[in-house]
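Here is a short briefing for a reader who is meeting this protein chain for the first time. Please keep the structure in view while going through the points, which are grouped by topic.

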Amino acid sequence: MSQIIARDLDKSGIKKGSRVGVCSLNMINAIGAFFAIQKLGAIAVLIRGKANAKEIAEFCKLTDVTTLCYAENIDIGKYDDVIKDIKTYNDEIVKIYNISSFYFFHYFI
């Protein structure tokens, strides 16, 4: 799974030294994203999974994150609404990679 995510992140321009945020509750996809980021030599910036959109956006500004791996958290809101809010608070986030779906597992079935 981490190889699939690494390939996608590489295609989106993540290189050695890039800062990539990972915001998720404890789930296998977050671990896969973390290892994918490490494979590329990028820096994984871990963000509290219960953070709201404003907190995520501000933390990304502070840590120079321009790509975010984000998994939906029902407590915070619907995925699309949270993403829209994050981009409203921080326009420096160029790409948001959805790690909440389980499409990664289709490669292994």
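Glu55 counts as partly exposed in this predicted model, because its relative accessibility is 35%, which lies between the 20% limit for buried and the 50% limit for exposed residues. Glu55 also takes part in a salt bridge with Arg48, in which the closest N and O atoms are 2.9 Å apart. The points below begin with the salt bridges and then turn to the aromatic rings, the strands and the nonpolar cores.

**Salt bridges**

- Side chains of opposite charge can pair when their charged atoms come close.
- The count for this model comes to 3 salt bridges, and the one between Glu55 and Arg48 has been described above.
- Asp8 forms a salt bridge with Arg7, and the closest N and O atoms of this pair lie 3.5 Å apart.

**Aromatic rings and a surface patch**

- A pair of aromatic rings is described by the distance of the centres and the angle of the planes.
- A search of the whole structure finds 1 aromatic pair, and this pair is formed by Phe34 and Phe35, whose ring centres are 5.7 Å apart.
- The planes of the rings of Phe34 and Phe35 stand at 75°, and because an angle over 60 degrees counts as edge-to-face, the pair is described in that way.
- Phe34 is partly exposed, with a relative accessible area of 28%, and Phe35 counts as partly exposed too, at 46% relative accessibility.
- Phe35 has its place in helix H2, which covers residues 28–39, and together with Ile28 and Ile31 Phe35 makes a nonpolar surface patch of about 280 Å².

**Strand S3 and its neighbours**

- Strand S3 covers residues 67–70, and from this strand Thr67 and Cys69 point one way while Leu68 and Tyr70 point the other way, with all of these residues buried.
- On one hand, S3 pairs with strand S1 (residues 19–23) in the parallel sense over 4 bridges, and in this pairing Gly21 stands opposite Leu68.
- On the other hand, S3 pairs with strand S4 (residues 95–98), also in the parallel sense and over 4 bridges, and here the bridge partner of Leu68 is Ile96.

**Nonpolar cores**

- Which residues touch the most other members of the largest nonpolar core? Of its 18 residues, these are Ile5, Leu9, Ile37, Cys69 and Ile99.
- Helix H1 (2–11), strand S1 and helix H2 each supply at least two residues of this core, and the largest share, 4 residues, comes from H2.
- Apart from this core lies another one of 17 residues, among them Cys60, Tyr70, Tyr79 and Ile93.

Technical notes
Residues numbered from 1 in each chain as written. Predicted model: local features only at pLDDT ≥ 70, side-chain atom pairs only at ≥ 80, totals over all residues. Heavy atoms only, no water. Patch = residues over 30% accessible without salt bridge, like charges linked within 9 Å, V, L, I, M, F, W, Y side chains within 5 Å. Areas by Shrake-Rupley, 256 points an atom, 1.4 Å probe, with all protein chains shown as cover. Salt bridge = Lys/Arg side-chain N within 4 Å of Asp/Glu carboxyl O. Buried < 20%, exposed > 50% of the residue type's maximum accessible area, 1.4 Å probe, protein only. Pairing = 2+ DSSP bridges. Phe/Tyr/Trp six-rings, centres within 6.5 Å; stacked < 30°, edge-to-face > 60°. Core = buried A, V, L, I, M, F, W, Y, C linked by side-chain atoms within 4.5 Å.
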